[in-house]
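Trainee: I would like a close look at a single part of this model. Please keep the terms plain.

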Amino acid sequence: MFNRLTATLLATTLLTGTALAETTVKAVMHSGLRVLDPIITTAHISRNHAYMIYDVLIAQDSEFKPQPQMAGWTISDDLLTYTFTLRAGLVFHDGAPVTAADAVASLKRWGQKDAGGQVIMDRTASLEATDASTITWTLTEPFGPMLDVLSKQSALPPFIMPARVAETSVDEAITDYTGSGPFRFVEAEFQPGLIVVYEKFDEYVPRDEPADWMAGGKVVKVDRVEWVSMPDIQTAVNALSGGEIDYIEQMQVDLLPLLEGDPDIVVETRDSTGMQTMTRMNFLHPPFDNQLIRQAAIKAIQQEPVLAAMIGNPDYYRICGAVLGCGTPLESEAGATTLTQGGGVDEARALLKEAGYDGTPVVLMAPTDLVALATQPVVVSQMLRESGFTVELQPMDWQTLVTRRASQSAPAEGGWNIFITNWMVPEISNPISNPMLNGRGDGAWFGWPTDERIEELKEAFIDAPDAAAQVAVAEQVQNHALENGLLIPLGQYTLPQARRTTITEMINSPVPVFWGLQKAE
């Protein structure tokens, strides 16, 4: 009896010790999470969630080179057939093996929504699982950016889901969150907009190579990650200083002095590529169904006041009128003079008069809970008013905006006219994958422009024989995008992140990831 009692006490002690030793990282991300389907939205928080629980076939490293992830590949001599072979040991969170059929179903669903995926599907003769571990993708004509599009880290990466999940219509959100990645989503603890919980998936088999951006070995070194929502950044800063949380994804620049000199806090800018902030108009409803009125909106806006209100410190922002981003190989600022230098108000008023603008209210959705998007709507709305627009600024939280922007209803019936969002520069630096440059009407990104010319220019970019020819096409893309009002670039910026010194080995990546990092207690 004594021996049995001793053994029981010892087992209890060991179990208790294991529980106490569990390593949990608490993070405040840039937004709360509500949309769990990473294919029906380009919201970065949904993408970040997806990288936690799903894996991808191939991934880009820090030099933007495609690398094997779940699969390696070969290409036929005629450049028409890509054969992907899954590596051994891949399993879903329910214990089922990952098969080629799962990958094919996932790729087909992704290809209906992603701008680059749509271009690939236009050139697809067949996409099939030829055995349990082999995906054979045959094209009708060579497509040079094939691997670049499949490996891109944003906006809609082709995450691999079970076939039963991937067969969900792209018009419906998935409800089964069985993943293929290094973390498991703890659905029972999920409180939308408040907390998201992930646990290490012990059966995940990482690659042998060192982690490099989205490529390489996704080795998880903590037991649990909690994303805790704190819409008030001051509250988050206090929680970080007090050790209640471990990490803040995006710091408000004017609050950085509160953390300076704290030996337990590290503030750093990990995303060297930066972000573009931009405005999107709705082509379906008045007044922006009129090209002249879209042009008037572009002439009404100047970047400097937007960036100054958003960031404050010019060390963290850059005036940039390039649709494809400044500092990229395809950079062009043609046609953006009033955006970058101002002086377009009179032109805006003249365009409104020419278009016969009748004062139709512009419903501008304004998120109130996102550091990186809180100020732009206020400044932009004022500029539009000064140029003669009637603007109805409607405040809401970001996740409500993300849901509402998918509605094609009239603004008076729950739709919208205009909103502002942000993109990583790598995801907008190429006309094939830039979501703004999609002219497929209902198949395009929110705003739904029908624009045959932009589709022709993308074809010309694909067919360009060399880099110089691509640059020439990119300048035509720049001119047309601003002429037709596909977007209004508002400039580029970076936001630093903050972490406690107990968090180490964070991977340098534009997408915040939680594999590789360690936490010291």
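What covers the buried residues of helix 16?

Mentor: This is a predicted model, in which local features need pLDDT of at least 70 and side-chain atom pairs count only at pLDDT 80 or more, while totals for chains, interfaces and linings use all residues. Residues are numbered from 1 along each chain as its sequence is written, and side-chain values use heavy atoms, with hydrogens and water left out.

The cover of the buried residues of helix 16 includes helix 8 (291–300), helix 10 (337–341), helix 15 (452–463) and strand 20 (488–493). Contact here means heavy atoms within 4.5 Å. Helices (H or I, at least four residues) and strands (E, at least two) are DSSP runs, numbered from the N terminus.

The buried residues of helix 16 are V473, A474, V477, Q478, H480, A481, L482 and N484. Buried means under 20% relative accessible area, exposed over 50% and partly exposed in between, with a 1.4 Å probe and protein chains only. An α-helix has 3.6 residues a turn, so residues three or four places apart point the same way.

Helix 16 takes in residues 467–484, and at 1.5 Å a residue its 18 residues should span 26 Å; the end C-alpha atoms are 25 Å apart, which agrees. The expected span is 1.5 Å times one less than the number of residues.

Now the two ends. At the N-terminal end, D466 caps helix 16, with a side-chain oxygen 3.3 Å from the backbone nitrogen of A468. After helix 16 comes G485, with a positive phi near 70 degrees.

Definitions and conventions
A polar contact is a pair of N or O atoms within 3.5 Å; within protein, one must be able to donate a hydrogen and the other to accept it, and residues adjacent in sequence count only if both atoms are side-chain atoms.
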